Amino acid sequence: MKFNKWTVALASAGVVSLATAVQADESHPVNTALSSTTLSGYVDTSAIWNLGTGHTVANRFVNTDKTRQDGFNLNTVNLKLEKPIDEGTWSAGYRFETMFGPDAAAMPGLIADQIALKNAFVALRAPVGNGIDFKIGQFDPIVGYEVTESFKNPNFSRSLGFNNLEPFGHTGILASYQINDILGLSAGIANGDSGFGLNGGGLTAQSGQTSRSLGQNGRGLNNRDSTSLDGRNTAFGESSKVFMGSVVIKAPESAGWLAGSTLYVGAVNGHVENQTFEDPIWGAKDPAAEGTRDDGSKYQKGEYKKDTNGNYITNTRSEGGDPTLLYVGFTLNTPIKELTVGASADLLFNGDRYEGNVNQTGTATTFTQQPTALFTGVDTGADITDPKNRTPLGSYKRNSSANAYAFYTGYQITEKFKISNRFEYATSGYRAFLPGKGNANDPTRDKMIGETLTLDYQLWSNVLTRGEFRWDRAVDGTRPFDDRKNDLSLLASIVYMF
């Protein structure tokens, strides 16, 4: 052990002994705290080859977005300091975790260019029953089959539900209680106006800003800037909060081959404050066509309606809602030890509320549209028209629900070699998953399937190497991938963990 020069001098003079100095050094509060702190992390790299012309891809996580195609990528460098809570009473700990690199830019905890706080919380245990564990600060989401760390997932690329519907993190307080070896519960409350809310529909937007957590381009609804109904500013209110809860059921050791199988059910609910907008009204039902005025004259293509004084006729509307994400997922062990299966369902109900009136040449009509039907893919409100039944305000007939389903299969071929497959189906009423516009009959809806096959091989210690093939296909009649229905890619990934 090294001693500073003053300690050595005092020991030489007989004032202190080196044994006492060693004991004092070991009992220093800082050393005591650091003795149980661990440092870990990883370096994540990849290379992707898109099998086609162009780089337009589905709205997946940034590690496979259009900027990563046909090239080599440093995705992220992760550093984590952690002191876990002890099993004893009134124990405490913490976690401080940072991300560096391009992947960090997608995280809600972004503090600088390509630097983000992923976790920064104090962990506490209260000796109530079996012990209630608390996290206070910024922590990972409580729902989702997949996580931010690629090497912890069955596949390198993330699922459609992960990127477009699930939160990336929260800032608040989370309480967890393990009733027994089978059943565990969690509940929490977090800020809704700090960018740590729900991803779906751009609902992670900071107040007055556009969401940077949704999709490959950080846009709101329909991949547009959130300033209008087709790309709304869905900022959380000043005092809005996100509520969350989950139940985990794990099969006990006595369950035989089912032991360790897990069923997870969770929900996250937010609140979007009402906002008021003034929208001009097209002169014709189709903005690209001509319309006819009361006096028989024609509206030009793309012209807005005006009153007799030449003022634009506008629709005043207010928007709000209570977005809710329901998540169900399970992992299932099978009688074949090497084979595991799993599935997940992300069901987002934005619960939008639209209220407004149309002032059509002095005549006012007030309307209210009810929230979208839950997970049915059908709007509960009829087409809303102006008082003379001429100009349907079709933009108000919006389906804001979104569903994403994933089915997983994994087989451990050898101790070092594993194969994993994921099949997905996703659909939404606001182009959450596919780029560009929908078909002419339903321009805001999208529907797609995805197939991902991944090979894992651990040749080096602490290193995970992967090869992956992914196939995304639009099944809504559109050709969003550079005028193609299909997007195919091959990738290789190497991650070093320490």
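Where is phenylalanine 498 found? Before we look, keep in mind that this is a predicted model. Phenylalanine 498 sits in the segment after β23, the strand that covers 486-497. Its relative accessible area is 40%, so phenylalanine 498 counts as partly exposed, because that label covers values between 20% and 50%.

Together with Leu39, Val43, Leu74, Leu79, Leu81, Phe96, Phe100 and Tyr496, Phe498 makes a nonpolar surface patch of about 760 Å². The elements giving two or more residues to this patch are β1 (38-50), β2 (71-83) and β3 (92-100). Of the patch's contributors, β2 has the largest share, with 3 residues.

Now step back to the whole chain. You can count 4 helices and 23 strands in it. Of its 498 residues, 44% are buried. The protein chain exposes about 23200 Å², and carbon and sulfur atoms supply 58% of that. Look at contacts between residues at least 6 apart in sequence: 63% of them join residues at least 24 apart.

Let's finish with one more residue, serine 176. You'll find serine 176 in strand β7, residues 170-178. With a relative accessible area of 25%, serine 176 is partly exposed. Setting aside neighbours within four places in sequence, serine 176 is in contact with Gly131, Ile132, Asp133, Leu185 and Ser186. With serine 186 there's a polar contact, side chain to side chain, at 3.0 Å. Glycine 188 is 12 residues away from serine 176 along the chain, and the C-alpha atoms of these two are separated by 8.7 Å.

Technical notes
Residues are numbered from 1 along each chain as its sequence is written. This is a predicted model: local features need pLDDT of at least 70, side-chain atom pairs count only at pLDDT 80 or more; totals for chains, interfaces and linings use all residues. Side-chain values use heavy atoms; hydrogens and water are left out. Patches are made of residues with over 30% relative accessible area and no salt bridge: like charges are joined within 9 Å, nonpolar side chains (Val, Leu, Ile, Met, Phe, Trp, Tyr) within 5 Å. Accessible areas come from the Shrake-Rupley method with a 1.4 Å probe; for residues, only the protein chains shown count as cover. A salt bridge is a side-chain nitrogen of Lys or Arg within 4 Å of a carboxyl oxygen of Asp or Glu. Buried means under 20% relative accessible area, exposed over 50%, partly exposed in between (1.4 Å probe, protein chains only). Contact means heavy atoms within 4.5 Å. A polar contact is a pair of N or O atoms within 3.5 Å; within protein, one must be able to donate a hydrogen and the other to accept it, and residues adjacent in sequence count only if both atoms are side-chain atoms.
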